[in-house]
Amino acid sequence: MVTTGDVSFSDIDPELVAQAEEYLANFLSEQFPSRDFSEGRVIRELVVNMAALLTGLNRTDIQQLLDSFSPLIIAQDPTAADDDIVDAVYANYGVERYDGNKATGNIAVILNDLLTTSVPDTTVFTANGLRYVVTQPYIGVTTADAVVTSSERLIEQRPDGTYVFTVPVVAEGVGEAYRAVRGTRFSSAPVIAGVIDLEAAADFEGGTDAETNADLVERTQQGIAPRVFSGRAQVAALFQEQYPSLINLSQVGFGDPEMLRDRDNIFEMSTGSRADLYVQTADTPEEAVVVKDCTYLGNNVWQGTINRDDAPGFYLINAVVPHSLIVFAGGLQINSEARGLDLTMETDWVHNVDGLVQGAYSRYQTAVVQFTDPETAAGTVVGAVVQYDFYITRLPDVKTLHDLTIARTRRPQNGDYLVRAAVPAFAHVALEIKYRPNTMAPDTDAVKQAIASRINALGFTIGRLPMALVIDAAQGALEGGGTYTFTPINMYAEIYPPDTVPSGKITLIDVNELVIPDLPARGVSQRTTVFYLPVSEINVIVNPMSLLAI
Amino acid sequence: MPASIDYTGRSVDLLIFQGVEESGNHRIETGFGDAGFVCTGIQKVAQSWLALFMTDAGTMLNKPTRGSSFLPAVRSGRIRVSEDVPAEFALAAAQVRRTMELDAVEDGTLPDDERLDSAVLVDYDLARELSHLRLKIRITSIAGDSRVVYLPVPIPIR
């Protein structure tokens, strides 16, 4: 709540104090005409002026309180309002603040020798300046028999002769920044004996930001709208209610050139009653590990199928590796990947989807993958089945949102709303920062995080990635004193259009701005496509500038 | 000047200089007094003038023009020799005079014996060996009443 403790003298408008002083002097003079309250008198200085300051303080406090209770004022300046009061105000509209959650994942502890290794519960892992903790002590054990409880983790041998076991960790704070990607290097305190490396075994899951007052204001405006499949505001309200951490939503419908599904008739005319809902459910896609039974086809070639429930709406298959291989580089050679659609009816109805251009990145998408495993055991017969791990990039919870569109009680009787993950434009940025010699080198982690946060929040808003935004975000994370971002910077992005995924990507390269092309017939436009810029795809180098002594 | 006057129909201010007597030299101290003394007339003018003269200009919250430059001049070493004293006094006294005139204009009801006419540096003594400056100031109202104040000021020079 707002209290006088939140207001300092510097917050009080001098004009407000002057008005209060004038008012008090006149008021007291009327009541006590024999006392001199004019300017310069002791009573004025010691009594009236002090009282005026306190009156100004109280008025400022009260004004802040009143502002905090007004949705109109909160909307004008969400940062000035008190969080607790904003929560109370918007509770009247049935809107609750989303508190965010902490990222969780497994860290691979890589050892030189097969030795029992303990990880105390006081261990703190750090990557990119962010801290992760274990929730209980763990111990890496050398035999499967020793694994009795969840505390014991089996140490396994890696192909390169080293050993590895995994430790579950949880982020110390909430937010997207804590979602480490596979391969992220960690350090630990205290140092774990015998460890030669610490890496994220897979992309961390969870880790969403808490809603700010500005987020809450925006969502409330949607929240006032009925949460039904109807107009864009209503659908947005429905999705935000069902999935509070939804970051961006773009709705393509009747009359939009990107809407292809309502032209499935012999005249290829738009008939309406269809909408494609492109969602961004996380700042950047995460990598999921899916274990699949694969069939041997001969000549060291194997085949596996990614079904529609394995990673709904997935983007790319990054790697295929033998099952339980924890830390690796590259993966097996993928010979082919054929995307398809599985339109098996789940309820009493299924969406009208014709071909990949209409259905890629929806929960109906599937893939058949053929890959070569040169380590296939001799004598393996054609048709043999072995498990492999597929590392797949995808947005979380596409199916959660999809399910809203097929439930009979929820879906519109005369409409067909298809949820699709936003068409991805995977971006990469490299820049150089120059700083004065003999001063502290800039914090590259902070710069990377600032750039990633700025770009990943763009969503569908501008359809381009301007260099100026990257520079602005970087400069905002830098100390003053002449430290600057050297221009031009290197930027490129790869778009995977729905009709040709995973091959046939569109590459954007430019030093000034990357612009999403307007190719609605291929499902690519500002309305469908977002830039993803994970921290791992930002290269920042820092160099001292050459200066003369002065 | 009498130490007390007829207060009928007058507005009063708190007396913050204690020890004021009707005549003669007396040690004056700042304070509210045991019973909370009040004053009016020339005494009100004198204490207002002194309060402004001894306040560093720019140190009052939201009132940057109130005060004078005299004590900052003392602390910053601008008074090194005797000849510096009247110059710095004149500058500071002009600032105080301007402020009090503005106050009087804004108030519009002050009687003549509560309005400043002049503040004159009658005498001064810069005792370098004691790091001490003594000012003798005569404060006069438009009505003609006056008070003489001796103002001791420690200075950082020898």
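Mentor: A nonpolar core is a set of buried Ala, Val, Leu, Ile, Met, Phe, Trp, Tyr and Cys residues joined through C-beta atoms within 7 Å. Buried means that 20 or more other C-beta atoms lie within 10 Å of a residue's own, with C-beta atoms placed from the backbone. This is a predicted model: local features need pLDDT of at least 70, side-chain atom pairs count only at pLDDT 80 or more, and totals for chains, interfaces and linings use all residues. Residues are numbered from 1 along each chain as its sequence is written, while chains are lettered from A and ligands numbered from 1 in the order in which they are written.

Now the core itself. The largest one holds 81 residues. Val279(A), Ala427(A) and Ile451(A) touch the most other members. Strand β21 of chain A, residues 423–435, gives the most to this core: seven residues. Strands are DSSP runs of E, at least two residues; helices are runs of H or I, at least four; both are numbered from the N terminus.

Take Val279(A). Leaving out residues up to four places away in sequence, Val279(A) touches Leu246(A), Leu249(A), Val398(A), Leu401(A), Val419(A), Ala421(A) and Ala422(A). Touching, or contact, means C-beta atoms, placed from the backbone, within 7 Å.

There is also a second, separate core of 29 residues. Ala108(A), Val119(A), Tyr163(A) and Ala202(A) are among them.

Now set this in the chain. Chain A has 550 residues, and 40% of them count as buried. It contains 10 helices and 27 strands. Of the contacts in chain A with a separation of 6 or more, 72% come from residues 24 or more positions apart.

Conventions
Buried ≥ 20, exposed ≤ 12 C-beta atoms within 10 Å, placed from the backbone. Contact = placed C-beta atoms within 7 Å.
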